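Colleague: I am new to this one. Could you show me the chain and take some questions?

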Amino acid sequence: MSGSQSDTLTYVLGVLLAAGIAYFMLSPARDKDTTADIAGEKLSSAAAVLHATDYRKFKLVVKTQVSPNTARYRFELPAPHAVLGLPIGRHIQLMAVVDGKEVARSYTPTSTDNDKGFFELVVKTYPTGVISSYLDKMSIGETINVRGPRGAFAYMPNMVRSIGMVAGGTGITPMYQIIQHILDNPEDKTHVSVLFANVNEDDILLREELDKWAAEHENFDVHYVLNNPPGEWSGSVGFVTKDMLQKHMPAPADDIKILLCGPPPMVKAMGGCLGELGYTSPNIISKPVDQVFKF
């Protein structure tokens, strides 16, 4: 190699070395790793972690008993600032392998994307409920398979003047998510009225939170209905009736919406009553534009 060639090679190597050092010095610090590994993917800590078709595993970190047959389950997200990424009004699908078969059920988290690093479910355990029983038997540290979002409803702030909600039992959970989102947003002026039906007083899920909101917010009220009320009871008794709907729900208008969620017989009966009261009768499969929407 001639002297000029050697000098040229030395110069090129020097330039490359300097460029490499500059790249390293100007790049973000290597010790600030804000990614989390889910199913082989690298996700930003601020990213939504749900996947529409692929199930992802989330670890149970806290289980709190809220009634003899109902618990609040907290599942950890992959990073402290990660969010589930569930639009308000939608739900997720849980899947577990039970007796060698994949079983899936839909649930609505009671948390929102304002909650970072975790999501929560409030689930009532039924003797014949496969997934609810599976959750009840889970130990801290075990994982559940989740995908989503699912569902057709999508809430937008101030989308209507008033929303009436009729919920039965665990049907309060999609309502709770929407209520929380409305009341957390001072720019959202939507008024929300809830008729919440249960069998016994102990069955009323999330009552402490609902009562607190009703006391603190002028644009929220809740009325309870029980089949078996205690001796002193200020709410209604029996099944939800047409008179109760007329009293507690916003009157039929173009700028209101009625949401229904609960046992199928109840939802069917409510749809009939609402139609008789002048609301648009619910469709078999609800669409976001419907005046009466069934979850």
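Colleague: Which residues in H3 meet which residues in H4?

Modeller: Keep in mind that this is a predicted model. H3 spans residues 172-183, and H4 spans residues 207-216. The axes of H3 and H4 come within 12 Å and cross at roughly 35°. At that crossing, the H3 residues Ile172, Tyr176, Ile179, Gln180 and Leu183 meet Glu209, Leu210 and Trp213 in H4.

Colleague: Is the crossing of H3 and H4 left-handed or right-handed?

Modeller: The angle between the two axes is roughly 35°. As for the hand, H3 passes H4 in a crossing that is left-handed.

Colleague: What is the strand order in the open sheet of 6 strands?

Modeller: Strand S12 (236-237) and strand S14 (292-294) each pair on one side only. Further in, strand S9 (residues 162-168) runs parallel to strand S13 (residues 256-261), with 6 bridges between them. The pairing in this sheet is parallel, and the order is S12-S11-S10-S9-S13-S14.

Colleague: Which residue in S13 stands opposite glycine 164?

Modeller: S9 covers residues 162-168, and S9 is joined to S13 by 6 bridges. Opposite glycine 164, S13 places isoleucine 258.

Colleague: Which element gives the most to the largest nonpolar core?

Modeller: That core has 31 residues, and Met165, Ile172, Ile179, Val194, Leu210 and Phe220 have the most contacts inside it. Two or more residues come from each of S9, H3, S10, H4, S11 and S13. The top contributor, with 7 residues, is H3.

Colleague: How many residues are in the second, separate core?

Modeller: Its members include Ala71, Tyr73, Tyr107 and Met138. The residue count of this second core is 25.

Colleague: Which residues does isoleucine 172 touch, leaving out those up to four places away in sequence?

Modeller: Ile172 is among the residues with the most contacts inside the largest core. Ile172 also takes part in the meeting of H3 with H4. Beyond four places in sequence, isoleucine 172 touches Ala167, Val194, Phe196, Leu205, Leu206 and Leu210.

Colleague: Where is the cis peptide bond?

Modeller: Look in strand S8, the place of proline 149. Strand S8 (residues 143-150) runs antiparallel to strand S3 (residues 56-67) over 4 bridges. S8 also pairs with strand S5 (residues 91-98) in the antiparallel sense. With omega at about 5°, the cis bond joins glycine 148 and proline 149.

Colleague: Is leucine 206 buried or exposed?

Modeller: Leucine 206 lies in the loop between S10 and H4. Phi of leucine 206 is near 60°, a positive value in a residue other than glycine. Its relative accessible area is 8%, and the cut-off for burial is under 20%, so leucine 206 is buried.

Colleague: And aspartate 99: buried or exposed?

Modeller: Aspartate 99 sits in the loop between S5 and strand S6 (101-107). Phi is positive here too, near 55° for aspartate 99. The relative accessible area is 78%, and the cut-off is over 50%, so aspartate 99 is exposed.

How values were computed: Residues are numbered from 1 along each chain as its sequence is written. This is a predicted model: local features need pLDDT of at least 70, side-chain atom pairs count only at pLDDT 80 or more; totals for chains, interfaces and linings use all residues. Side-chain values use heavy atoms; hydrogens and water are left out. Two strands pair if DSSP finds at least two bridges between them. Contact means heavy atoms within 4.5 Å. Axes are lines fitted to C-alpha atoms, for helices over the stretch in contact, and angles run from 0 to 180 degrees between N-to-C directions. A nonpolar core is a set of buried Ala, Val, Leu, Ile, Met, Phe, Trp, Tyr and Cys residues joined through side-chain atoms within 4.5 Å. Buried means under 20% relative accessible area, exposed over 50%, partly exposed in between (1.4 Å probe, protein chains only). A crossing is left-handed if the near helix is turned anticlockwise from the far one by less than a right angle, and right-handed if clockwise.
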